[in-house]
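Hello,

Here is the structure I promised to pass on to you. Have a look at it first, and then read my notes below.

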Amino acid sequence: MLILVVAFLLLAVLIGSAAYLPWPVVLVAGAAIAAWLTVFAVRERRRHGRPRKA
């Protein structure tokens, strides 16, 4: 969960600094963060979706 909070904070920093960065840099950084969050969500869903072995 902490990783998710850090990712959102980084996204907020990037959005705040987007006025000072060229658009290609902002788009690449946003795509990288979106990919990271997607991988995180898929891994969490797989981990919590499995029945636990007793």
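**The salt bridge**

Please keep in mind that this is a predicted model. Let's begin with a pair of charged residues: E44 and R47 form a salt bridge, and their closest N and O atoms are 3.4 Å apart. A search of the whole structure finds 1 salt bridge. Where do E44 and R47 lie? Both are in helix 2, which covers residues 23–49, and they sit 3 residues apart, about one turn of the helix. E44 has a relative accessible area of 23%, so it is partly exposed. R47 reaches 54%, and because the cut-off for exposed is over 50%, R47 counts as exposed.

**How the helices pack**

Two packed helices are described by the angle between their axes and the distance between those axes. Here, helix 1 and helix 2 pack at an angle of about 165 degrees, and their axes are 11 Å apart. Angles over 145 degrees count as roughly antiparallel, so that is the description for helix 1 and helix 2. Helix 1 passes helix 2 in a left-handed crossing.

**A nonpolar patch**

On the surface you can find a nonpolar patch formed by M1, L2, I3, V5, V6, L9, L10 and W36. Together these residues have about 830 Å² of accessible area. Which helix gives the patch its largest share? That is helix 1 (residues 2–17), with 6 residues. L2 has a relative accessible area of 67%, so it is exposed.

Enjoy exploring!

Best wishes

Notes: Residues numbered from 1 in each chain as written. Predicted model: local features only at pLDDT ≥ 70, side-chain atom pairs only at ≥ 80, totals over all residues. Heavy atoms only, no water. Patch = residues over 30% accessible without salt bridge, like charges linked within 9 Å, V, L, I, M, F, W, Y side chains within 5 Å. Areas by Shrake-Rupley, 256 points an atom, 1.4 Å probe, with all protein chains shown as cover. Salt bridge = Lys/Arg side-chain N within 4 Å of Asp/Glu carboxyl O. Helix = DSSP H or I, 4+ residues; strand = E, 2+ residues; numbered from the N terminus. Buried < 20%, exposed > 50% of the residue type's maximum accessible area, 1.4 Å probe, protein only. Axes fitted to C-alpha atoms, helices over the stretch in contact; angles between N-to-C directions. Parallel < 35°, antiparallel > 145°, perpendicular 65-115°, else oblique. Left-handed = near helix turned anticlockwise from the far one by under 90°.
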